[in-house]
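I am opening a notebook on a structure that is new to me. Below is what I looked up, entry by entry.

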Amino acid sequence: MDPRGSSSPVLRCNTRQYTRVWIPDPDEVWRSAELTKDYKEGEKSLQLRLEDETVREYPIDVQSNQLPFLRNPDILVGENDLTALSYLHEPAVLHNLKVCFLESNHIYTYCGIVLVAINPYEQLPIYGQDVIYAYSGQNMGDMDPHIFAVAEEAYKQMASS
């Protein structure tokens, strides 16, 4: 089964050389690649260069015309709200979570009003009294995503009802 589904935001108009895309990978789940030449509708494959400089031909099923997902611009990677991404699909979400967790050491991010949490499998010093005070009275979105921000927002909503 195609992991992208039928209504996925895929490469359509922007099929020029240097367009960055995500392709399925059996080991890494998704790999970043860049088109090395323009794609014309009806062609049977894309010419790609992976991040490790490997050149690859990516086959396309001409009947379904399922093309790879587009990558978000680098400036959006690491956003603390997934809804800020230009493209919101599985590889974009997973990559953004990976960047937030591995590079910034943040286990929380938002997707609109939903808090997304990554289990770090270790104790973190992010739940102490000082952190509670820091989020107390703040508006959700004023500070980094955190369970205390959600709790503060819920408390404010409850108190105003």
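I begin with a term: two residues are in contact when they have heavy atoms within 4.5 Å. The model I am reading is a predicted one. I looked up contacts in the chain between residues at least 6 apart in sequence, and 39% of them join residues at least 24 apart.

Next, the fold. I found three helices and seven strands in the chain. Reading along the sequence, I noted the order β-β-β-β-β-α-β-β-α-α.

Then the overall dimensions. The C-alpha trace spans about 60 × 35 × 30 Å along its principal axes.

The accessible surface of the chain is about 10,200 Å², and carbon and sulfur atoms account for 52% of that.

I also checked charges. The chain has 13 positive and 24 negative charges, and their mean positions lie 11 Å apart.

Last, backbone angles. Which phi does V29 have, positive or negative? V29 has a positive phi of about 75°, although it is not a glycine. I located V29 in strand β2, which covers residues 29-35. V29 is partly exposed, because its relative accessible area is 44%.

E53 also went into the notebook. E53 is not a glycine, yet it has a positive phi of about 75°. I placed E53 in the loop between β3 (45-50) and β4 (55-59). E53 counts as exposed, because its relative accessibility is 55% and the cut-off is over 50%.

Definitions and conventions:
Residues numbered from 1 in each chain as written. Predicted model: local features only at pLDDT ≥ 70, side-chain atom pairs only at ≥ 80, totals over all residues. Heavy atoms only, no water. Helix = DSSP H or I, 4+ residues; strand = E, 2+ residues; numbered from the N terminus. Buried < 20%, exposed > 50% of the residue type's maximum accessible area, 1.4 Å probe, protein only. Areas by Shrake-Rupley, 256 points an atom, 1.4 Å probe, with all protein chains shown as cover. Lys, Arg positive; Asp, Glu negative; His and termini not counted. Charge placed at Lys NZ, Arg CZ, Asp CG, Glu CD.
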